[in-house]
Amino acid sequence: MDSAIDQRSKVQVLYDACNVVFSQKELPTFQQFHWLKNLLDSMTAVDVGIDEFSFHHSPFSSSKIIKGLVCGQALSEITYLHIHECKNFSMGVFCFPAGGTFPLHDHPNMTVLSKLLYGSVHVKAYDWVKVENSSCGRIGLAGTVTNSIFNAPHEPSILFPRSGGNIHSFTALTPCAILDILAPPYSVDLGRPSTYFYDMPIPTLPSYVILEERDVPNDIVITTAPYLGPPVVAAGDEQLMTR
């Protein structure tokens, strides 16, 4: 094996694999998804620049910047750490404080791979069974894919445009972090906006709910923070670095 490959960081290896899989003209194969899932399963918080254990008053204090790690336990709001985005896929980490909730939302025409890096989170996920467009947006019947508590370490999940739990929500039971790969990323201009929903149980059909489109929740607050993990060299940048 080439020594240069041996020296790549885990996040670089994951990026390189995503670039191979999601930049090709053909649809990804089962084997390729299995490859990505295995790489994602090997990722830990420190691989993306997060200290999951330490407590600090400020998650971005000078001492943490020197160490090159974000203090996950100190975050008081849902915080997104942006790693990479191109037209084919994006990579990033959502860090949650205990009690943080990301309301029910969808991923139109997207495939999403996720890995819970640390902590515990309650996940609800649905797929459409039948959906209609009304004057208030989309409404319809959806089947429950999961309504469970995930505790790290937990195997990565993959959701597809029509299966796997494309519409989901997260409620953090403890401080936690989720590494996400979205292929392709959200884009309003390209018909991939993020849409939010209410879910209404059906007492006579416990495995199904009615989903109704809603406005963006007023109480959702997602901040951004610098990614402090190993740098990712994007495709094409290698040539610039060698000149």
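The largest nonpolar core of this predicted model has 33 residues, and those with the most contacts inside it are Leu14, Phe22, Val48, Ile50, Val93 and Leu117. Two or more residues of this core come from each of α2 (10–23), α3 (30–41), β3 (78–85), β4 (90–96), β6 (111–118) and β11 (176–183). Helix α2 gives the largest share, 7 residues. The protein has 243 residues, of which 44% count as buried, and its secondary structure comes to 5 helices and 14 strands.

**Cores and overall packing**

- Apart from neighbours up to four places away in sequence, Leu14 touches Leu36, Leu39, Leu40, Met43, Met91, Leu179 and Ile181.
- There is also a second, separate core of 15 residues, which includes Tyr80, Phe102, Val123 and Ile178.
- In soluble globular proteins, nonpolar side chains tend to be buried together.
- Among contacts with a separation of 6 or more, 69% are between residues 24 or more positions apart.

**Surface**

- The protein exposes about 12,800 Å², and carbon and sulfur atoms supply 56% of this area.
- A nonpolar patch on the surface is formed by Val129, Leu205 and Tyr208, which together have about 260 Å² of accessible area.
- Tyr208 belongs to strand β13 (residues 208–214).
- Tyr208 counts as partly exposed because its relative accessible area is 34%, which lies between the limits of 20% and 50%.

**The β12–β13 pair**

- Strands β12 (residues 196–201) and β13 run antiparallel and are joined by 6 bridges.
- The hairpin between β12 and β13 passes through 6 residues.
- Phe197 has Glu213 in β13 as its bridge partner.

**Salt bridges**

- Asp47 and Lys10 form another salt bridge, with their closest N and O atoms 3.5 Å apart.
- This pair links distant parts of the chain, 37 residues apart: Asp47 is in the loop between α3 and β1 (50–51), and Lys10 is in helix α2.
- Asp47 counts as buried because its relative accessibility is 15%, under the 20% limit, whereas Lys10 is partly exposed at 39%.
- In the salt bridge of Arg138 and Asp106, the closest N and O atoms are 2.9 Å apart.
- Arg138 in strand β8 and Asp106 in the loop between β5 and β6 are 32 residues apart, so this pair too links distant parts of the chain.
- Asp106 is buried, with a relative accessible area of 2%, whereas Arg138 is partly exposed at 22%.
- Salt bridges with shared partners join Asp106, Arg138 and Glu213 into one network.
- Side chains of opposite charge can pair when their charged atoms come close.

**Backbone geometry**

- Most residues other than glycine have a negative phi, and most peptide bonds are trans.
- Ala152 and Pro153 are joined by a cis peptide bond, with omega about 0 degrees.
- Pro153 sits in the loop between β8 (137–151) and β9 (157–159).
- Another cis peptide bond joins Ala183 and Pro184, with omega about -10 degrees.
- The loop between β11 and β12 contains Pro184.
- Asn109 is not a glycine, but its phi is positive, at about 55 degrees.
- Asn109 is in the loop between β5 (101–105) and β6, and it is exposed, with a relative accessible area of 54%.

How values were computed
Residues are numbered from 1 along each chain as its sequence is written. This is a predicted model: local features need pLDDT of at least 70, side-chain atom pairs count only at pLDDT 80 or more; totals for chains, interfaces and linings use all residues. Side-chain values use heavy atoms; hydrogens and water are left out. A nonpolar core is a set of buried Ala, Val, Leu, Ile, Met, Phe, Trp, Tyr and Cys residues joined through side-chain atoms within 4.5 Å. Buried means under 20% relative accessible area, exposed over 50%, partly exposed in between (1.4 Å probe, protein chains only). Helices (H or I, at least four residues) and strands (E, at least two) are DSSP runs, numbered from the N terminus. Contact means heavy atoms within 4.5 Å. Patches are made of residues with over 30% relative accessible area and no salt bridge: like charges are joined within 9 Å, nonpolar side chains (Val, Leu, Ile, Met, Phe, Trp, Tyr) within 5 Å. Accessible areas come from the Shrake-Rupley method with a 1.4 Å probe; for residues, only the protein chains shown count as cover. A salt bridge is a side-chain nitrogen of Lys or Arg within 4 Å of a carboxyl oxygen of Asp or Glu. Two strands pair if DSSP finds at least two bridges between them.
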